[in-house]
Amino acid sequence: MSETRPVKIQVRGLSKVFGNQPKKALELRDQGQKRPEILEQTGQTLGLSNIDFDVYEGELLVIMGLSGSGKSTLIRCLNRLIDTTEGEIIIDGENIPTLSTKELLECRRRHFSMVFQNFALFPHRTVQQNAEYGLEIRGVDKAERTETARNALKQVGLDGWEDALPSQLSGGMQQRVGLARALANDSSVLLMDEAFSALDPLIRKDMQQELLELQHRMKKTTVFITHDLDEALNIGDRIILLKDGEIVQIGTPEQILTAPADEYVERFIEGVDMSRILTARHAMRPVRATAREDDGPRTALRKMSENGLDSIYVTSRDRKLVGLIDADSADKAVKEGQQSIQSLIHQNFRSVAPDEPLHNLFAMFSDKSFPIAVVDEERRLLGVVVKGAVLAELAEAGDN
Amino acid sequence: MAIEIPRIELGDWIESGLNYLTTNYSGVTRGISAVTQTGINGLNDLLMWIPEWGLMGLIALLCWRAAGIRLGIGAILGLALIWNLDLWDPMIESLTLVVIATLVAVVIAIPVGIAAALSERLYRVIMPVLDFMQTMPAFVYLIPAIPFFGIGSVSAIFATVIFSMPPAIRFTTLGIRQVPKDLIEAADAFGSTPSQKLFKVQLPLSLPTVMAGINQTIMLALSMVVIAAMIGADGLGNEVWRAIQRLRPGDGFEAGIAVVILAMLLDRLTQSFRKTRKS
């Protein structure tokens with residue numbers, strides 16, 4: 001489904017050899033040799049080997065790997081801070097490795113802004129001047145760039161800090177400046193190189209959340225590098241797993257978690273707290289039976305007993321969730337000869353959206369043991385989650 | 001059995017080279033000489049034209065604004081002592097030589113330093129040359145200066161520039177090379193041209209280091225200007241030189257103390273520029 005989206009950057013057969021005899025290293029690579037053997041035989045380091053992937057318009061693509069996996073090299077190949085050895089990187093019809101110096105300059109200005117691990121703010125420039133940098137070197141006039149930079153700073157919550165120097169700011173705020181500097185540039189792709197790795201865990205979570213919100217608002221194509229799987233799963237629309245300069249797996253966070261491509265990926269996801277990743281959708285069961293608003297108590301009771309339920313959700317004619325009735329009150333109403341269940345319907349249950357993390361569902365089970373209703377935006381009943389199912393899902397995911 | 005190894009006539013070669021230069025490029029040297037002499041005279045006349053108390057006040061004010069009230073008071077006391085010792089005029093002459101030599105040295109050194117920082121090949125050529133310039137005994141520069149520019153202040157400037165230039169080049173190169181790699185990456189990533197990168201990132205960030213180099217250059221220039229009295233340069237060095245010839249340690253020390261005062265003022269003043277730039 002995602003494959004139909006327009007492609008922003010197309011990477012094909014990208015390789016990078018560090019050393020002075022790249023040809024020799026690639027020959028060995030083509031004979032099936034791996035990085036350590038190539039290093040031993042030629043003294044050349046195979047940084048990246050035969051990388052193929054697409055970056056879709058507007059997505060947040062995470063490239064994840066441990067140190068030495070080549071992720072920093074890869075992101076630097078995209079805007080050619082590092083020259084590639086072979087392969088194509090095509091953005092809007094231009095092949096980046098073959099651009100002339102002048103074209104490359106233009107390409108960087110138009111397409112790429114970058115956020116760095118250690119912020120890389122210019123210490124002699126104020127926050128405002130830092131945010132203006134990209135516009136300034138493009139020759140945008142003073143009034144316009146002041147305005148644009150000010151807006152970008154406002155977006156990251158830094159209004160009022162324009163005249164401060166970076167050294168006067170905390171780490172989290174400095175990285176906001178880094179982000180504002182990139183946003184002000186209004187390039188088509190945002191490259192984030194371990195952008196949150198230098199921040200402490202709490203600030204880091206906040207920044208991830210804010211990035212998600214920004215991304216949601218602006219739909220900016222983003223390539224995000226990280227060594228942290230939790231971060232990757234949290235923010236990535238898709239994740240590319242990199243190991244020893246090769247792609248191990250490309251997929252959505254769910255695909256990576258539920259169908260790890262190999263042992264390497266498995267070992268990676270062992271440490272992940274599954275309850276934060278899996279959602280209500282994974283644990284919900286189809287609804288076996290529902291009562292209709294205009295059913296009588298007798299019908300409702302029969303539906304319950306046929307399906308072995310002691311409570312039943314009531315829906316309207318267009319399948320919207322109205323409420324819940326339980327067997328005891330229905331039984332009582334039948335004995336009292338009531339004709340409608342309207343008065344029996346109560347709201348003493350919890351409902352969640354399908355993408356609610358399982359983690360949050362635990363707490364809801366503590367008081368009552370009614371199943372939790374999973375509803376869409378229009379409150380149509382999609383399914384129910386019972387307590388056992390949550391645990392079962394977690395156990396299963398843990399085993400895999 | 002002993003093999004006769006002919007002596008390498010290094011000295012002869014250098015001399016003939018220098019002779020060649022003096023005979024064939026006398027027009028150039030005379031031109032440089034005239035321009036430099038005009039500069040020296042102009043600055044000297046200007047500083048002499050300002051009354052002693054006026055210049056004292058100006059320098060004290062500058063010291064105060066740049067480095068605080070203590071240096072301001074120190075400047076007044078020090079300069080008053082020099083004036084009292086009747087060393088005002090030689091002090092001004094020395095100051096003139098230092099200022100002009102430093103200006104010339106810095107104007108040459110900064111572009112060379114930048115070039116050496118940006119080009120690895122140039123760096124490898126320039127660094128040994130700088131080692132040579134710095135370790136060659138300072139007096140040796142005085143000798144070729146005379147056939148080029150004759151006895152006097154211009155020769156003194158020539159020798160002083162050569163002797164004092166290396167730290168300014170070295171520190172400029174160092175300063176630019178010390179700019180953190182991620183800032184260079186950031187500048188590149190946003191599409192800076194090489195000159196934008198140089199003027200907006202590399203130079204501003206290396207400024208404190210460059211200023212430290214200029215400070216060193218000034219100090220070396222002052223010491224060389226004193227030595228240059230041996231080839232007829234005016235100034236405090238001349239007073240010392242005369243005291244040596246007449247064996248009058250008292251006069252020698254008086255002039256020496258004046259050099260120390262001038263040196264301390266120049267040093268503190270340029271260091272303060274460096275600090276204010278940094279903060």
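The crossing of helices α5(A) and α6(A) in this predicted model is right-handed, a crossing being right-handed if the near helix is turned clockwise from the far one by less than a right angle, and left-handed if anticlockwise. Helices (H or I, at least four residues) and strands (E, at least two) are DSSP runs numbered from the N terminus. The axes of α5(A) and α6(A), the latter spanning residues 142-155, come within 9 Å and cross at roughly 120°; axes are lines fitted to C-alpha atoms, for helices over the stretch in contact, and angles run from 0 to 180 degrees between N-to-C directions.

Residues are numbered from 1 along each chain as its sequence is written, while chains are lettered from A and ligands numbered from 1 in the order in which they are written. In this predicted model, local features need pLDDT of at least 70 and side-chain atom pairs count only at pLDDT 80 or more, whereas totals for chains, interfaces and linings use all residues.

Chain A contributes 17 residues to the contact with chain B, and chain B contributes 14 residues; two residues are in contact if their C-beta atoms, placed from the backbone, lie within 7 Å. On the chain A side, α4 (101-111), β6 (112-115) and α5 (127-137) each supply at least two residues. This side has nine nonpolar, six polar and two charged residues. Ala, Val, Leu, Ile, Met, Phe, Trp, Tyr, Cys and Pro count as nonpolar, Asp, Glu, Lys and Arg as charged, and the others, Gly among them, as polar.

An open sheet of chain A has four strands in the order β2-β1-β4-β5, with antiparallel pairing; two strands pair if DSSP finds at least two bridges between them. Its edge strands, β2 (45-56) and β5 (94-95), each pair on one side only. Strands β1 (residues 7-18) and β4 (residues 86-91) of chain A are joined by five bridges in the antiparallel sense, and Q10(A) stands opposite I90(A) in β4(A).

Another open sheet of chain A has six strands, ordered β6-β7-β8-β3-β9-β10, and its pairing is mixed. Strands β6 and β10 (246-251) stand at the edges with a single partner strand each, so one side of each is left without a neighbour in the sheet. Within this sheet, β3 (residues 60-64) and β9 (residues 238-243) of chain A pair in the parallel sense over four bridges. The bridge partner of I63(A) in β9(A) is I240(A).
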